Amino acid sequence: MKKKLVSGLLVAAMSLSMLAGSIVSLADEATDAVLKDGDTTEILMVWPGSNASPASMQEVEDAMNELIAPVADAKIKLQIIEWGAYDDQINLMLSSGEKLDIFLGTSNIRERGQRGQLYDIAEDVQTYAPDAYAAMERYINACYFDGALYGLPIYRDMAAQAGLICRKDILDETGFTVDDVKTMDDVEKVIEKVHELHPEMYALIPSDLKSGCLLNYIKGQFDDISSGVGVAMDDDTSDGVTVVNIYDTDEYKEMAKVAYDWNQKGYFMPDSTTNTTPRQDILKANNAFGYFGNYHPGIVTQEVMNTGMDIVAMPITEKSLSTQSVNNIEWLVAAQTENPEKTLAVLNLLYSSADFQNLFRYGIEGKDYEVKDAEKGIAGYPEGVTSATVGWGNEMWLSGNASVGYAWETDPEDVFEKYSEFNDTATLSPLYGFIYDTSNVKNEITAISNVKDKYKAIIENGDADPETAVAEFNEELKAAGIDHIIEDVQAQADAWLAENK
Amino acid sequence: MNSKKKKMLKRAIPLYIMVAPGFIYLLINNYIPMLGIVIAFKNLNFSKGILKSDWAGLSNFEYLFKAPDAFLITRNTILYNVAFIVVNTVVAIVIAIILSEIRSKMKVKIFQSCVLIPSLISIIIVSYLAYAFLSGRTGFINGSLAAAGKDTISFYTEPKYWPAILIFINCWKGAGYSSIIYLAAILGIDQEMYEAAEIDGATRWNKIRFITLPMLKSTVITLTLMNVGRIFYSDFGLFYQVPMNSGALINATNTIDTYVYRGLIELGDISMSSAACVYQSLVGFVLVLTANWVTKKLSSENALF
Amino acid sequence: MVGKGERRYQRMLTVIMFLISLIMVIPLILLVMASITSNNEIVMHGYSFWPKEFSLDAYKYIWNEKAQIFHAYGVTVLVTVIGTAVGTMLTLLYGYVLAQPKFPGKSFLAFYLFFTMLFNGGLVPTYIMYTRYLHLKNSIAALIIPGLLMNAFNVILARTFIQSNVPVALKEAAEIDGASEFRIFGQVALPLCKPIIATVGLFIGLSYWNDWMNGLYYVTDAKLFSIQQLLNNMIKNIEFLSKNANSNINVSSISGGIPQETVRMAIAIVGLLPILLVFPFVQKYFIKGISVGAVKG
């Protein structure tokens with residue numbers, strides 16, 4: 001009896017696996033049938049840029065269509081919207097249900113999903129965009145919102161880390177080298193020396209507009225889940241996690257003290273919290289040493305380009321990877337997409353086809369870029385073309401999977417290995433993959449955002465006595481209901497851990 | 001009776017035709033989209049459509065009242081608006097009267113262009129210009145104070161100066177514009193009234209006091225009534241951009257609009273922002289109805305409707 | 001004719017008005033000076049009325065974009081002219097009707113108008129109305145029709161003016177002569193309304209000239225950008241940079257080489273300049289319109 005059952009199960013299992021095999025081959029045909037149904041579907045792809053109608057737009061579109069034709073009966077339509085109008089336009093397009101298929105999402109992905117504005121590709125992605133899925137698989141786990149997948153994360157610097165980014169000439173004057181600076185204490189020594197040598201110079205400037213100079217001091221130490229509520233990156237999950245108010249931790253208080261001390265010593269640029277000049281322009285004006293900000297493998301290239309100065313960068317804080325740092329920028333599929341299958345087929349090209357990727361990122365070969373070194377896969381501007389005159393160009397962090405395309409000549413040759421290594425060696429948040437549902441605490445979040453605007457920049461710039469200011473900050477956060485968020489995050493995180501560990 | 005009514009209707013037909021284009025425009029531009037007010041009471045889900053989304057009751061409004069700062073932002077909004085109405089009206093009328101009294105057409109032209117300029121500069125640019133005067137590091141005011149050997153003032157961290165600064169900037173930006181309305185009204189006054197008064201030996205001041213000002217009454221009442229309707233609204237640029245979103249100033253500069261903006265940046269919740277608008281409109285509506293009712297009792301021809 | 005007292009009075013008025021005008025204009029002068037200062041000086045020392053280091057970089061940058069800027073001027077002028085003409089007409093008509101003595105439906109019409117001042121459906125429904133049903137996205141009409149064409153504020157101004165400046169007796173006399181309502185409006189009321197036509201026309205014109213919201217919402221095609229939208233895009237691009245600079249987005253192409261501080265100011269001037277140049281001519285009609293009202297009766 002028992003034996004019979006086992007053999008019966010075996011037969012069942014065998015026939016199932018055979019069935020599965022035939023499904024796979026069937027699926028290929030079925031996929032083709034869906035993608036090549038004879039109807040040409042228009043697929044509108046929208047993303048932000050600084051020029052809404054670059055010169056090569058039409059040519060890029062035509063060339064992309066040639067690459068799409070063998071894969072699917074679809075024509076792509078490209079649309080770039082200027083940075084400043086992008087959020088408004090995307091909100092309106094999603095809300096009005098007008099034509100839109102794929103777009104670059106930079107905010108509120110969960111809320112948009114909950115509002116029914118995004119298309120869930122969880123079921124279709126492995127069928128219609130298998131290569132893209134395979135390329136991003138490591139990170140896709142952080143993109144499931146209540147089981148729904150709305151898009152694909154982007155190959156870029158996903159890990160978060162902060163460091164000292166500064167002028168090389170001044171650093172040389174201090175006698176320190178890049179290799180000497182590893183910790184915050186080292187940074188202080190450098191800054192102190194700079195201030196001593198150049199009292200007229202701003203030793204540290206803010207990395208962001210209207211913010212404190214030490215905004216990034218504790219970057220990478222906490223996974224900020226929502227409104228300053230989060231967990232320590234080194235929290236051990238074996239006994240569950242402890243959700244805390246980040247602004248009430250010793251680390252934050254320590255930062256406040258340092259900020260106050262440095263401010264008193266005159267290391268900071270005055271009026272940082274009301275400053276509206278981007279850091280690059282301040283550096284360019286030749287009277288500042290550096291800033292404490294985002295560190296990633298491309299930072300030096302980027303800042304050299306922006307400031308025209310010799311810049312060096314030293315990673316300082318913990319490097320960590322959280323759900324949020326992966327899924328805050330994605331290529332998303334809009335709910336109103338007419339044909340999600342073909343849309344996914346196009347996304348698949350962006351993430352896996354070198355030709356398609358190069359078209360998207362650099363434009364037309366021979367006109368907007370040329371291959372400088374085919375073997376190493378390096379591209380650069382043709383003679384006489386500059387960043388100001390080029391007819392096309394998108395940055396890496398919005399290009400899908402840039403690693404299948406060429407590297408740029410100003411980047412290190414092994415730039416993609418460096419990015420992969422940067423992301424892969426980061427500390428994983430204990431709650432990596434957990435996405436918090438804010439529905440229960442919307443009132444608290446609005447109140448807390450207001451309190452943060454009131455205190456955060458001032459404290460992080462050391463403009464207020466740290467003892468009293470941090471205490472007041474936390475008092476107001478409590479009044480705004482931060483404890484409620486802590487409880488809610490804790491409950492959801494516990495449930496998630498129980499399910500996923 | 002019936003025929004009288006018919007006659008009145010018949011006489012009104014041309015009026016209906018004249019008002020039709022505007023009527024239709026308001027229907028398209030304002031009334032049909034007003035259906036969207038339901039968004040404030042919905043748990044929006046676009047896959048179901050706006051109208052078929054689940055009802056959320058009043059939960060989208062909660063954040064406006066539960067906030068610890070609810071009283072502060074309401075108080076700020078109302079007090080600033082009251083101050084704006086009073087100061088702007090007085091300054092605009094003064095400018096209009098002076099312009100109407102100046103005989104040289106050339107001068108009137110030049111002065112009028114000058115007072116209009118501020119209303120043409122966008123508020124973001126205004127915030128940079130204000131910064132040029134007020135900044136601690138590079139501002140003119142502090143530069144002069146330092147040159148005179150006095151203590152400098154850190155404007156962007158001292159809330160006590162900001163009510164005055166904001167009222168001044170608002171007046172600077174808006175008074176010239178409103179003065180045009182008053183000037184048109186003054187120049188519309190029958191000259192014979194002034195001539196008759198002159199014959200009676202009235203002084204300049206008397207003419208202003210007893211002819212011009214009373215003739216401006218209806219314009220002042222109309223404009224004020226309209227402003228009362230917007231008393232829960234505030235100019236976002238003025239309260240957010242001009243103080244440079246400086247944390248230290250928030251108690252003096254946070255209004256309903258800036259509170260909602262700061263609060264919803266992270267959530268991007270359409271229903272909640274819509275709820276704020278409905279709340280602001282509703283309060284304005286009630287206040288205007290009240291004010292209009294009072295006006296009707298006192299001088300019925302000045303009532304809005 | 002003009003007495004000594006009158007002369008002194010005029011002088012006093014001129015001095016007061018001069019001081020007021022000075023306060024109004026000083027920031028404009030600062031704006032102009034800032035636009036010709038070197039960017040580095042502004043970054044380091046802030047704005048000044050007499051920069052140590054002059055620079056025309058901002059205008060050079062703008063000149064590179066001249067094709068787009070002149071095109072944007074064209075769009076703005078077209079939109080302003082059409083919008084002002086149509087808008088003033090609609091406003092006057094509605095205001096005139098509301099200024100008439102009792103007729104059936106008058107208070108409804110007044111309330112219907114006034115209600116729009118207080119309540120609105122918000123951006124999303126309005127957007128859906130204009131793009132999904134009226135298909136105005138990326139058209140000149142989208143810059144003219146939404147929001148600006150007629151507003152309650154101007155209509156009420158017109159009504160108030162007509163009520164107190166177009167005598168009922170005049171209208172009644174015309175009625176006895178057998179004139180139709182349309183003729184009375186065109187031949188009796190309109191000539192008396194010149195001050196308010198000038199005022200309302202100016203207000204509507206300025207609101208079109210200064211508008212960038214319609215562009216932001218309804219236009220994504222660079223060919224239809226107005227001059228204010230260009231300015232606003234630029235400022236908002238920088239804001240975007242500031243908002244997202246810390247969220248792993250490394251926007252480098254925004255600032256790349258543009259002297260931002262001064263370009264911002266220069267574009268503001270580019271947007272302002274035409275009005276300052278055109279205003280004296282408009283004003284001639286404006287003052288004329290106003291004075292025609294003054295000598296009536």
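The legends below describe close-up views of a predicted model. Residues are numbered from 1 along each chain as its sequence is written, and chains are lettered from A and ligands numbered from 1 in the order of writing. Local features need a pLDDT of at least 70, side-chain atom pairs count only at pLDDT 80 or more, and totals for chains, interfaces and linings use all residues, while side-chain values use heavy atoms, with hydrogens and water left out.

**View 1. The interface of chain C and chain B.** Chain C brings 101 residues to the contact and chain B brings 93 residues; contact means heavy atoms within 4.5 Å. The two chains bury about 8800 Å² between them, and carbon and sulfur atoms give 75% of that area. Buried area is the accessible area (1.4 Å probe) that two parts lose on being put together, summed over both. C:Met24, C:Tyr112 and C:Phe119 supply 8% of what chain C buries against chain B, more than any other three residues.

View 2. B:Arg11 and C:Glu175 form a salt bridge, at 3.8 Å from N to O. On the side of chain C that touches chain B, helix α1 (residues 4–35) of chain C gives the most, with 19 residues. This side of chain C comprises 69 nonpolar, 23 polar and 9 charged residues. Ala, Val, Leu, Ile, Met, Phe, Trp, Tyr, Cys and Pro count as nonpolar, Asp, Glu, Lys and Arg as charged, and the others, Gly among them, as polar.

**View 3. The interface of chain A and chain C.** Here 48 residues of chain A meet 43 residues of chain C. About 3800 Å² is buried between these chains, 50% of it on carbon and sulfur atoms. A:Trp83, A:Gln89 and A:Leu92 supply 15% of the area that chain A buries against chain C, more than any other three residues. The rule finds 1 salt bridge across this interface: C:Lys137 pairs with A:Glu98, with the closest N and O atoms 3.4 Å apart. α3(A) gives the most to the side of chain A that touches chain C, with 10 residues; helices (H or I, at least four residues) and strands (E, at least two) are DSSP runs, numbered from the N terminus.

**View 4. The surroundings of A:Phe176.** A:Phe176 lies in the loop between α7 (168–174) and α8 (184–197) of chain A. Leaving aside neighbours within four places in sequence, A:Phe176 is in contact with A:Leu171, A:Lys189, A:Val190 and A:Lys193. A:Asp186 is 10 residues from A:Phe176 in sequence, and their C-alpha atoms are 9.4 Å apart.

**View 5. Confidence along chain C.** Chain C averages a pLDDT of 84, and 89% of the residues score at least 70; pLDDT is the predictor's confidence in each residue, from 0 to 100. Over residues 246–255 of chain C the pLDDT is below 50, although this stretch has 42 contacts in the model beyond near neighbours in sequence. Where pLDDT is low, the predicted coordinates should not be read in detail. For the complex, the predictor gives an ipTM of 0.88 and a pTM of 0.89.

Note on methods
A salt bridge is a side-chain nitrogen of Lys or Arg within 4 Å of a carboxyl oxygen of Asp or Glu.
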